[in-house]
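Good morning, and thank you for the time on the agenda. Please have the sequence and the model open while I speak.

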Amino acid sequence: MFSLPSIWNLIISTIVFSIAAKYIRNHLHDRGIPEGRKRNLWVLGLASLLSWGAGDAADWTKEKMEGQQPVTQASVGPSQSMKAADQIPK
């Protein structure tokens, strides 16, 4: 089930993305790969994968330390509220 990332996931993945992009860009420059769209896509893709993994690891670590959070229901739909209104004794 989809869940929103924690604040630590966002912070760590942002930091990892910027550091990874810098090092990947420098590594490709040192290897003599010319700048261009393809190189930028490689940097974006690899840095995104690394930041996603680091953010997922942060959420996994938080879950292991704090335990799994209970799933809550966001809201009741209109049909359920209508059923509940009809069941009120008059």
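Let me begin with a term. A residue is called buried when its relative accessible area is under 20%, exposed when that area is over 50%, and partly exposed in between. What we are looking at is a predicted model. By these cut-offs, isoleucine 11 is partly exposed, because its relative accessibility is 38%.

First, the chain as a whole. The chain holds three helices and zero strands, and from the N terminus the order of its elements is α-α-α. Of the 90 residues in the chain, 14% are buried. The chain exposes about 8000 Å², of which 62% is supplied by carbon and sulfur atoms. As for contacts, if we take those with a separation of 6 or more, 69% of them join residues 24 or more positions apart.

I turn now to the pairing of two helices. In general, the packing of two helices is described by the angle between their axes and the distance between the axes. Helix α1 covers residues 7–30, while helix α2 covers residues 37–66. How do the axes of these two helices cross, and within what distance do they come? They come within 7 Å, and the crossing is at roughly 145°. The crossing of α1 with α2 is right-handed. The residues of this contact comprise 15 nonpolar, six polar and four charged ones.

Next, the nonpolar core. The largest such core consists of six residues, namely Ala20, Ala21, Ile24, Leu28, Val43 and Ala47. Both α1 and α2 supply at least two residues to this core, and α1 gives the most, with four residues. Consider alanine 47, one of the core residues. Setting aside residues up to four places away in sequence, alanine 47 touches Phe17, Ala20, Ala21 and Ile24.

Beyond its neighbours within four places in sequence, serine 51 is in contact with Ser13, Val16 and Phe17.

Tryptophan 52 is also found in helix α2. With a relative accessible area of 61%, tryptophan 52 is exposed, since exposed means over 50%. In sequence, tryptophan 52 and serine 13 are 39 residues apart, yet their C-alpha atoms are 6.3 Å apart in space.

Glycine 55 is a further residue of helix α2. Glycine 55 counts as buried because its relative accessible area is 1%. Which residues does glycine 55 touch, not counting those up to four places away in sequence? They are Asn9 and Ser13.

Isoleucine 11 and glycine 55 are 44 residues apart in sequence and 8.2 Å apart in space, C-alpha to C-alpha.

The axes of α1 and α2 come within 7 Å and cross at roughly 145°. The largest nonpolar core has six residues, with α1 and α2 each supplying at least two. Thank you.

Notes: Residues are numbered from 1 along each chain as its sequence is written. This is a predicted model: local features need pLDDT of at least 70, side-chain atom pairs count only at pLDDT 80 or more; totals for chains, interfaces and linings use all residues. Side-chain values use heavy atoms; hydrogens and water are left out. Contact means heavy atoms within 4.5 Å. Axes are lines fitted to C-alpha atoms, for helices over the stretch in contact, and angles run from 0 to 180 degrees between N-to-C directions. A crossing is left-handed if the near helix is turned anticlockwise from the far one by less than a right angle, and right-handed if clockwise. Ala, Val, Leu, Ile, Met, Phe, Trp, Tyr, Cys and Pro count as nonpolar, Asp, Glu, Lys and Arg as charged, and the others, Gly among them, as polar. A nonpolar core is a set of buried Ala, Val, Leu, Ile, Met, Phe, Trp, Tyr and Cys residues joined through side-chain atoms within 4.5 Å. Buried means under 20% relative accessible area, exposed over 50%, partly exposed in between (1.4 Å probe, protein chains only). Accessible areas come from the Shrake-Rupley method with a 1.4 Å probe; for residues, only the protein chains shown count as cover.
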